[in-house]
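User: I would like to learn how to read helix packing and helix bending in a model. Please take me through some cases.

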Amino acid sequence: MAFPSPEREQWSSRLGFVLAAAGSAVGLGNIWRFPFKAGDNGGGAFVLIYLACLLLLCVPYLFAELALGRNGKRNPVGAIRAVRGRSPWSLVGGLCVATGLAILSYYAVVAGWAVGYVFRDLATAEASDVAFARFTADPLWVVPLFGGFLFATVGVVARGVRQGIERWAKILMPMLFVLLCLVTFRAVTLPGAGAGLAFYLTPDFSEVSGLMVVEALGQAFFSLSLGVGTMVTYGSYLPDDENLVVAGGYVAVFDTLIALMAGLMIFPAVFAMGQDPAEGPSLVFVVLADVFGAMPLGSFVGTLFFLLLAIAAFTSSIPLLEVFVSYLVDETTWSRRTAALSAGGVAFVLGLPSALSQGAVPALSDLSWLVGNQILGPSPGVLDLVDFLWGSVALVLGAVLLSVFVGWVWGADEALEEVRPGNGHAMGRWAGPLWRAAIRYAFPVTILAVLVVDLLYDVL
Ligand code: PHE
């Protein structure tokens, strides 16, 4: 049975937690994936459905992760054991820890590209897709950037919750916000930006479809960093008197605000420069590189944009590493420093195939012989496969299992005691039963449906 160790660190304040957790939530997912998905799915209509998914499913589930963590004062495996003792449910915690590390392994590769692009001159004669392909295929660039990025993440996590994670969140999140405001201002003041704004903000309900709901839900879910145990771990550092509804609510509001702003930044720029909004994480580096290359003050704004992307990715990599580190610190006798270095080393080894899969090693670049071309698009590489298996499937599976654990095994009523504002004060007559219903039924059933529809759509 795990008991909270007396020396376990806590966030120094609500603001510290909110910034760190919002840093986790705001990442590559918000800055490219959200605006693209919104643009491709009817603009405003998608945004409205995304907001509904967030409010009705993801936010209630966020409270469940935070409550589980704070109740056990432990990493995901320890938090589950604190409720149930040694049981097969611990494996769910193990799945979360593994998913975090696996996502980090390729997330840091993409983050390394963003760092590399901070230093590139975007106004070159070379076509940006060619430049991007050449850059990502060069192991002498990609591997050191990836390794350096991971090493910096290790450096923050090794310093601990207050001195490392919280301190850097307090420095980087305001920077991120200022950069976002600057780039958004430049984008919406470009001649021709109005078309992009109209495209993004006018809801087109004729585009609403079942699959779009699936996309919106998946996005809400990845964006809030759910299903990976990061919110369980961050919840475990919350003091007992913290109000989970208020603290978690702030995180959701920040994450949504920044995703919405990212749309305001990207669409006007893409449309003003006569580009098409296109799909996929690599296209940030292609379409937007063209946009910046062609616009007045473009090199400078481009540098700011990629700096913003690198910071957002950095504050999301920290919690991904922290989940495994907190597991090692809680469950072994290792020091935090040793744990952080080892976890970073494992992530580096795991991520090397992804880093080398963009052309450096041809055998890693095209796995279509293994997985075909249907699920992951034409010529999927290791990075695409790892992203799909861990970033889509394992993450969603982890969330369903955790919600079943909280709703049924721990018990929604017990969990509610932990969630209730001020620990035990009434939450309002309707909010408690509503939360129970969301966590026991609505969340697992909807997410499972999403997984099935998604897989069927991809395979058929
Ligand atoms: N939420 C992050 C993003 O939007 C990704 C992430 C997922 C981070 C899971 C941590 C855990 O990019």
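User: At what angle do helix α1 and helix α12 pack, and how far apart are their axes?

Analyst: This is a predicted model, where local features need pLDDT of at least 70, side-chain atom pairs count only at pLDDT 80 or more, and totals for chains, interfaces and linings use all residues. Residues are numbered from 1 along each chain as its sequence is written, and side-chain values use heavy atoms, with hydrogens and water left out. Helices are DSSP runs (H or I, at least four residues) numbered from the N terminus. Axes are lines fitted to C-alpha atoms over the stretch in contact, and angles run from 0 to 180 degrees between N-to-C directions. Here α1 (residues 14-25) and α12 (residues 244-272) pack at about 40 degrees, with axes 9 Å apart. That makes the pair oblique (under 35 degrees is roughly parallel, over 145 roughly antiparallel, 65 to 115 roughly perpendicular, the rest oblique).

User: Which residues of α1 and α12 meet?

Analyst: Contact means heavy atoms within 4.5 Å. Arg14, Phe17, Val18, Ala21, Ala22 and Ala25 of α1 meet residues of α12 including Tyr250, Phe254 and Asp255.

User: How do the axes of α8 and α14 cross?

Analyst: The axes of α8 (residues 161-188) and α14 (residues 298-331) come within 9 Å and cross at roughly 150 degrees. The two helices are therefore roughly antiparallel. Their contact includes Leu172 and Leu176 of α8 and Phe305 and Ile311 of α14.

User: Where is the kink in α18 centred?

Analyst: The bend at a residue is the angle between axes fitted to the seven residues ending there and the seven starting there. In α18 a kink of about 100 degrees is centred on Gly411. Helix α18 (residues 382-419) spans only 40 Å between its end C-alpha atoms, whereas a straight helix of 38 residues would span 56 Å (1.5 Å times one less than the number of residues).
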